[in-house]
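Take a look at the sequence and the model below. The text then walks through charge pairs, pockets, the surface and a few backbone details.

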Amino acid sequence: MSTTSTRAAARLMVAPSVILLFIWMIVPLALTLYFSFRLYRLLSPDRSGWVGLNNYAWFLNSPDFWTAIINTLLLVGGVLIITVILGILIAILIDQPIWGQGPLRILVISPFFVMPPVAASIWENLFMHPQNGLLAAAAQGLGYQPILFLESYPMSSVIFIVSWEWLPFATLILLTALQSMSSEQMEAAEMDGASAVSRFRYLVLPHLSRAITVVILIQTIFLLGIFGEIFTTTQGGPGAASTTLPYMIYKQALIAKDIGRAAAGGLIAVILANIVAIFLMRGIGKHLDA
């Protein structure tokens with residue numbers, strides 16, 4: 001039973017870390033807010049001053065802005081669909097009692113530990129290269145012309161690469177949830193004559209609902225900030241075909257050297273990310289309390 005003195009002592013001991021974390025978060029946010037209202041370009045530092053909402057207006061009226069928003073949503077939605085569906089199927093497969101089950105699980109999970117730029121570079125040069133890639137060699141062996149994946153299907157290629165990186169995470173979470181399921185329910189349903197499809201629909205899928213919710217929530221948070229894969233493979237192109245909101249902000253900050261507009265874009269991204277997070281927590285996160 002805690003007392004007033006023990007609660008006060010606990011708050012006192014936690015206070016330094018909370019204050020440090022608050023400063024760590026509020027200082028960059030405050031500076032970003034400050035520069036978003038100013039004209040601040042690294043190539044012309046002598047030109048400066050307050051511009052009000054002009055940076056925000058430029059970013060929102062940019063022809064690439066809505067393309068970047070759509071690409072960001074396509075990336076998040078596409079990766080979630082692929083990783084959740086394949087994650088469930090792979091989790092069911094590797095949960096079966098087979099020889100070499102331990103090494104197989106390690107191999108399935110291993111792509112998650114590859115750094116994103118490295119994984120993107122491997123797929124770009126080893127598999128998707130139009131001349132030296134394995135997919136090009138397979139197409140030529142079958143008598144077809146190699147497909148220019150990153151040029152003809154840039155967004156789909158990025159979605160595939162990111163899905164390959166995040167599939168092990170979804171599989172691990174879903175496999176853990178699957179192993180916590182009571183085998184007695186499955187045996188009873190099988191004895192009652194329920195088909196495999198019925199057992200999956202009425203027993204397995206409801207049991208995995210909370211794990212699926214966790215996968216969606218966590219992956220969405222990280223997928224909204226995907227940058228390394230696009231920088232390594234398509235550089236946002238061709239044109240703006242694979243430009244996402246984080247990459248658009250990067251182009252303004254480090255290519256155009258316009259810190260003011262990049263700061264405005266960063267705050268817009270923060271606002272949009274919070275809107276998505278609120279929607280997910282209210283629409284999907286409620287299943288965690290079920």
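A salt bridge here is a side-chain nitrogen of Lys or Arg within 4 Å of a carboxyl oxygen of Asp or Glu. The model is predicted, so local features need pLDDT of at least 70, side-chain atom pairs count only at pLDDT 80 or more, and totals for chains, interfaces and linings use all residues. Residues are numbered from 1 along each chain as its sequence is written, and side-chain values use heavy atoms, with hydrogens and water left out.

Start with the charges. How many salt bridges does a search of the whole structure find? The search finds two. Asp258 pairs with Arg261, and their closest N and O atoms are 3.5 Å apart. Asp258 also pairs with Arg41, where the closest N and O atoms are 3.2 Å apart. This second pair links distant parts of the chain, 217 residues apart. Asp258 sits in the loop between α13 and α14, and Arg41 in the loop between β1 (38–40) and β2 (48–50). Helices (H or I, at least four residues) and strands (E, at least two) are DSSP runs, numbered from the N terminus. Together, Arg41, Asp258 and Arg261 are linked in a network of salt bridges.

Are Asp258 and Arg261 buried or exposed? Both are buried. Buried means under 20% relative accessible area, exposed over 50%, and partly exposed in between (1.4 Å probe, protein chains only). Asp258 counts as buried because its relative accessibility is 4%. Arg41, at 24%, is partly exposed.

Next, the pockets. A pocket is defined on a 1 Å grid over the protein atoms alone: it is an open set of points where a 1.4 Å probe fits, with protein on both sides within 12 Å along at least five of seven lines. Lining residues have an atom within 4 Å of a point. Grid points are joined across faces, edges and corners, and a volume is the space filled by probe spheres set on the points.

The largest pocket has a volume of about 580 Å³. Its lining has 23 residues, and Leu245, Gly266, Ala269, Val270 and Ala273 lie nearest its centre. Two or more lining residues come from each of α1, α3 (65–94), α13 and α14. Which helix gives the largest share of this lining? That is α14, with ten residues. By class, the lining has 19 nonpolar, four polar and no charged residues. Ala, Val, Leu, Ile, Met, Phe, Trp, Tyr, Cys and Pro count as nonpolar, Asp, Glu, Lys and Arg as charged, and the others, Gly among them, as polar.

The second largest pocket has a volume of about 260 Å³. Its lining includes Ile92, Asp95, Met181 and Val204. Helices α8 (154–179) and α9 (183–191) each supply at least two lining residues. The lining has five nonpolar, four polar and one charged residues.

Now the backbone. The peptide bond from Gly237 to Pro238 is cis, with omega near -5°. Pro238 lies in the loop between α12 (228–233) and α13 (245–255). Gln235 is found in the loop between α12 and α13. Its phi is near 50°, a positive value in a residue other than glycine. Lys257, in the loop between α13 and α14 (259–283), has a positive phi near 60°. Gln235 is partly exposed at 42% relative accessibility, and Lys257 is partly exposed at 29%.
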